[in-house]
Number of protein chains: 2
Amino acid sequence: MRLSRYFLPILKENPKEAEIVSHRYMLRAGMIRQQQAGIYSWLPLGLKVLRKIEQIVREEQNRAGAVELLMPTMQPADLWKESGRYDDYGKEMLRIVDRHERDMLFGPTNEEMITDIFRSSVKSYRDLPLNLYHIQWKFRDEIRPRFGVMRGREFLMKDAYSFDMDEESAREAYHRMFVAYLRTFKRLGLTAIPMKADTGPIGGDLSHEFIILADTGESEVFCHKDYLSKEIPGDGVDFDGDLSGIVADWTSEYAATEEMHDEAAFNAVSEADRIAARGIEVGHIFYFGTKYSDAMNAKVTGADGKDVPVHMGSYGVGVSRLLGGIIEACHDENGIVWPKSVAPFDIGLINMKAGNEDTNSACEQIYERLGNAGFDVLYDDRSGQAGAKFATMDLIGLPWQVIVGPRGLKSGEVEIKERATGKREMVSLDAVVERMIAEK
Amino acid sequence: MRLSRYFLPILKENPKEAEIVSHRYMLRAGMIRQQQAGIYSWLPLGLKVLRKIEQIVREEQNRAGAVELLMPTMQPADLWKESGRYDDYGKEMLRIVDRHERDMLFGPTNEEMITDIFRSSVKSYRDLPLNLYHIQWKFRDEIRPRFGVMRGREFLMKDAYSFDMDEESAREAYHRMFVAYLRTFKRLGLTAIPMKADTGPIGGDLSHEFIILADTGESEVFCHKDYLSKEIPGDGVDFDGDLSGIVADWTSEYAATEEMHDEAAFNAVSEADRIAARGIEVGHIFYFGTKYSDAMNAKVTGADGKDVPVHMGSYGVGVSRLLGGIIEACHDENGIVWPKSVAPFDIGLINMKAGNEDTNSACEQIYERLGNAGFDVLYDDRSGQAGAKFATMDLIGLPWQVIVGPRGLKSGEVEIKERATGKREMVSLDAVVERMIAEK
């Protein structure tokens, strides 16, 4: 993509309303724009990252056997009256009346609707286990939205729902999502720790939050430091097999959110191994048994011909919030430092002197070759000061920069800079593509 | 994907509420489920097609130089008061009040919000031309939603917005979208005819609707029959070049919607060339000059230092409605016949006798090999009658079926059936993959 044809409205000043670094950088880098309190437009650069995160989440859900569908944003109030949550939810639920005076709401979560879909079409134990998920915009009317996309009102969430014949099978479904989440956050470049968590208004008795540690985290969390370096299940993990060993290992040491914190148990951990820090919740999984299937009469017929209510769990990932979480974890004083897996472009190509015949022709050549080699390149082909171009590239945090100036070209060379380390080297014009392929 | 692990709730009966074939087949094939009047869940099979359509629309927008972003579903009422459309829109607009008593609405379209984004960040003629688009869920509170996804209330639309310094440049932007639409619908397997159209509440003086002919179309349309066979610009079309010749050719014969119909002009066409038919609108493009930029003070500074209001156009494609449109155009009495470009899977693999050692092992082998060759295969590995499996495969309309039965296997053969033609042939087990590659 040529920057001259892109839409990247960089802000030079730090926006006053942004209290935390991720919010500040997302606004400055032209990734988002606030339209109302807690409601954002995703500008092209932000949308690209959002879609990459979404795709990694999707791939790991699919790998774990979950099946994607898409429920609408608007839900009928009736379903929520059936489950009993219509009144419970309070003012965070955005309630709407349509032209025929029917009560609707903008879905904050989908337990009710998915249970309704399930009960209307699944009747037999033969169709289980089943895990259905979607990645859809939700709305929670937070009284004080803040921290940009970290606590917005309209936000993108992946929510999966598992259906099983009994508790044992439901726990296996829970394990599959547990392992899928470990893999997902790892691929996103994050160290996320599963911590015992409160179930809140979702209900149920088994729940983990996946937490990344960050000074700007919204709550205090407590865990054993082994979790920072524990091995993540690789590509070969068998989701049809027994995952209980992995889950046992990942829950063997102390890890709890503030609500579930047990001071005595934590103090039993040796002091050198204790971590008390602030954390950001990026995922939350629940097993809640028959809470919704009982209330909404979602039954299946077992092998013995008897009807039983299905055992359910739900599994959320805050997709839009993850952009904030990743930036909180991956930045320096000059801007964002994207993990390669979610970077909006692979490489930034800087023409230090746009209009100059030599730099233009070298840049065009590099741009074409990198594109042919499968790289997604953002080419700063605009007129303007080199200094401003460097600052923009550092701010938007692409993994690599290729810098083309008239002086280097005289000896047939361009500069390559790695954003994360700041390491620079000169390479010959002809070697740029090979060098980048080697770094892939 | 193995059907035993998928979620494909086929309906055996024709649903009473479905008046037209696309609605009937979408419900029966387990593609959608109605949650409220005009509001649907997209079940896995339907979602796959929706995403394929969306991706083709996206690729052609990008090719034409438009840049993708994503605006939120919720919009502040203030923007619509600024443009003057807040009251105009009437009861079709879903109005919402949040917990702080602020007026919001579920966006039915985005002229106001995109103009707001534009005016806050684009100041100079150097940044033009610019075309920004998004693919987002919209809501129109239709008084009588019907025909399934063809006239739903919550629907997915691609809407692009162009910004130019003057009318001449804006007309070039209009031409780019005109040509992009010709290509888009062609890739979707449709014959869409651009017809002179009324601008309605969007405003402006230049507009075309892209119409596909279908007996179940919502309105009457009139055109020259040459449009049914006119050549579509190929992959080599240069969107940086002059497209006016293509547009002139595609507007040289009579073509008009009911609102713009001119009986006398139509009758001047020779009778053998006249088509009066029913049509389905799948795209609509507008040039409306400075209507919104005047009202909302969206100006840019020209090369001469003077501020001028930008000239705008907007360009919509009904992405979710297209599923209905494609099925109306592509079906027979047994079900859907998907164009290859949007088929939810490439091939349906039928195990006629699941559980039988020979058919199981042959199917597993074919399933793996086809997958390795890059085909997306839906494998019906469930127990059950072969007849029901055939009916399901015909209903969901995948381009090819590979049918594996014990009798054929005795001579080392399986059957291949082309859904569109019904043509069947026996091929040896080892030749299946090559045969399918040859058909790609």
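Modeller: A helix axis is a line fitted to C-alpha atoms over the stretch in contact, and angles run from 0 to 180 degrees between N-to-C directions. Helices (H or I, at least four residues) and strands (E, at least two) are DSSP runs, numbered from the N terminus. This is a predicted model: local features need pLDDT of at least 70 and side-chain atom pairs count only at pLDDT 80 or more, while totals for chains, interfaces and linings use all residues. Residues are numbered from 1 along each chain as its sequence is written, chains are lettered from A and ligands numbered from 1 in the order in which they are written, and side-chain values use heavy atoms, leaving out hydrogens and water.

Colleague: At what angle do helix α2 and helix α10 of chain B pack?

Modeller: At about 110°, with axes 9 Å apart. Helix α2 of chain B spans residues 44–63, and α10 spans 319–329. That makes α2(B) roughly perpendicular to α10(B); the classes are under 35 degrees for roughly parallel, over 145 for roughly antiparallel, 65 to 115 for roughly perpendicular, and oblique for the rest.

Colleague: Which residues make the contact?

Modeller: Contact means heavy atoms within 4.5 Å. From α2(B) come B:G46, B:V49, B:L50, B:I53 and B:E54. From α10(B) come B:V319, B:S320, B:L322, B:L323 and B:I326. They divide into seven nonpolar, two polar and one charged. Here Ala, Val, Leu, Ile, Met, Phe, Trp, Tyr, Cys and Pro are nonpolar, Asp, Glu, Lys and Arg are charged, and the others, Gly among them, are polar.

Colleague: How do the axes of α1(B) and α10(B) cross?

Modeller: They come within 8 Å and cross at roughly 105°. So α1(B) is roughly perpendicular to α10(B). B:V21, B:S22, B:Y25 and B:M26 of α1(B) meet B:L323, B:G324, B:I327 and B:E328 of α10(B). This contact has five nonpolar, two polar and one charged residue.

Colleague: Is B:R321 buried or exposed?

Modeller: Buried means under 20% relative accessible area, exposed over 50%, partly exposed in between (1.4 Å probe, protein chains only). B:R321 has 14% relative accessibility, so it counts as buried. B:R321 sits in helix α10 of chain B. Beyond neighbours within four places in sequence, B:R321 contacts B:V149, B:M150, B:E218, B:I280 and B:E281.

Colleague: Where is B:I403 found?

Modeller: In strand β21 of chain B, residues 400–404. B:I403 is buried, at 3%. Setting aside neighbours within four places in sequence, its contacts include B:I350, B:M352, B:F390 and B:V414.

Colleague: How many aromatic pairs does the structure hold?

Modeller: Rings of Phe, Tyr and Trp (its six-membered ring) pair if their centres lie within 6.5 Å; planes under 30 degrees apart are stacked, over 60 edge-to-face, and the rest tilted. There are 31 aromatic pairs over all chains. Take A:F222 and A:F266: centres 5.4 Å apart, planes at 70°, so the pair is edge-to-face. The pair links distant parts of the chain, 44 residues apart: A:F222 is in strand β11 and A:F266 is in helix α8 of chain A. A:F222 is buried at 8%, and A:F266 is buried at 5%. A:F288 and A:Y292 are edge-to-face too, with centres 5.0 Å apart and planes at 75°. Both are buried. One aromatic cluster is formed by A:F106, A:F139, B:F106 and B:F139.

Colleague: What sits over the ring of B:F345?

Modeller: A charge sits over a ring if NZ of Lys or CZ of Arg is within 6 Å of the ring centre and within 35 degrees of the ring normal. The charged end of B:K48 is over B:F345, 3.9 Å from its centre. In chain A, A:R274 lies over the face of A:F266, 5.9 Å from the ring centre.

Colleague: Which peptide bond is cis, with omega near 0°?

Modeller: Most residues other than glycine have a negative phi, and most peptide bonds are trans. The bond from B:L128 to B:P129 is cis. B:P129 lies in the loop between α5 and β7 of chain B. A cis bond also joins A:L128 and A:P129, with omega about -5°.

Colleague: What is phi of B:E101?

Modeller: Near 65°, a positive value in a residue other than glycine. B:E101 is in the loop between β5 and β6 of chain B. B:E101 is exposed, at 64% relative accessibility. B:N297 also has a positive phi, near 55°. B:N297 lies in the loop between α9 and β14 of chain B, and it is exposed at 51%.
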